[in-house]
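Work through the exercises below with the sequence and the model in view. Each task is followed by its solution.

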Amino acid sequence: MKQALKSELSKQLILNEAFKLFYEEGFKTTSIDKIMKATTMTKGAFYHHYANKKELGIEVITQKLQRRVQKRMVYPLYQNGNAYAILEDTFLNSLKSFSIYEKKHGCPTNNLINEIGDYEYVYQKALKNIIEEWKRALVELIERGKSENTIKRDISSAAAAIYLISAFEGIRGIRKLYDDDEVINEYLNGLSMYLNQIKQ
């Protein structure tokens with residue numbers, strides 16, 4: 001039992017350090033050697049858990065990135081209450097909650113989409129799953145808002161969902177270029193204007 005726990009802890013350490021390095025330095029430039037140096041474990045420990053870097057990459061996407069998006073941007077959309085208010089709250093407050101570190105490095109999911117989204121199909125599929133899950137949750141919430149008469153019925157739920165995701169991910173990337181939140185505040189003003197346009 002102790003050995004199994006030790007093995008799981010070492011696997012989580014590899015996963016955590018890989019995520020951090022992919023986030024800060026990029027996927028392609030981060031080697032297995034660099035990851036294992038950060039963990040202070042041997043390379044043998046890596047191959048005990050993963051066949052190769054690709055397998056680790058997929059696990060970082062599904063275990064770290066997808067869960068981050070689910071926690072911050074997907075699960076809040078399934079709350080009970082006014083659909084429009086939930087939509088507004090989720091998007092407006094998420095950006096305000098990011099740390100300076102997160103603002104400096106941008107969205108880890110978007111970073112990987114830009115770096116390896118067209119690199120190999122297996123990465124593309126895993127990253128696409130994150131966006132599709134987010135899109136489904138948004139479409140469901142917007143449709144709910146239409147039925148409860150808080151969101152205009154004549155808008156395309158899918159188009160609104162993709163627009164909101166794209167704009168959110170875009171500003172996360174653009175913020176990396178700036179030393180303060182002025183550009184985020186301008187985005188938030190624009191987002192508020194858009195949300196007011198779809199409000200019933």
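Helices (H or I, at least four residues) and strands (E, at least two) are DSSP runs, numbered from the N terminus. The model is predicted: local features need pLDDT of at least 70, side-chain atom pairs count only at pLDDT 80 or more, and totals for chains, interfaces and linings use all residues. Residues are numbered from 1 along each chain as its sequence is written, and side-chain values use heavy atoms, with hydrogens and water left out.

**Exercise 1.** Find the helix that holds Glu-17 and describe the surroundings of this residue.

Solution. Step one: Glu-17 lies in helix 1, which covers residues 2-25. Step two: Glu-17 is buried, a term that means under 20% relative accessible area, with exposed over 50% and partly exposed in between (1.4 Å probe, protein chains only). Step four: leaving aside residues up to four places away in sequence, Glu-17 touches Ile-35, Ala-38 and Thr-39, where contact means heavy atoms within 4.5 Å.

**Exercise 2.** Describe the protein as a whole.

Solution. Step one: there are ten helices and zero strands. Step two: the C-alpha trace spans about 60 × 40 × 30 Å along its principal axes. Step three: 45% of the 200 residues count as buried. Step four: among contacts between residues at least 6 apart in sequence, 70% join residues at least 24 apart.

**Exercise 3.** Which residues make up the nonpolar patch and the patch of negative charge on the surface?

Solution. Step one: patches are made of residues with over 30% relative accessible area and no salt bridge; like charges are joined within 9 Å, nonpolar side chains (Val, Leu, Ile, Met, Phe, Trp, Tyr) within 5 Å. The place of a charge is NZ of Lys, CZ of Arg, CG of Asp or CD of Glu. Step two: the nonpolar patch consists of Ile-174, Leu-177 and Tyr-178, with about 330 Å² of accessible area together, by the Shrake-Rupley method with a 1.4 Å probe, where for residues only the protein chains shown count as cover. Leu-177 sits in the loop between helix 9 and helix 10 and is exposed, at 69% relative accessible area. Step three: the negative patch gathers Asp-179, Asp-180, Glu-182 and Glu-186. Asp-180 is in the loop between helix 9 (157-174) and helix 10 (182-198), and is partly exposed at 41%.

How values were computed: Salt bridge = Lys/Arg side-chain N within 4 Å of Asp/Glu carboxyl O. Lys, Arg positive; Asp, Glu negative; His and termini not counted.
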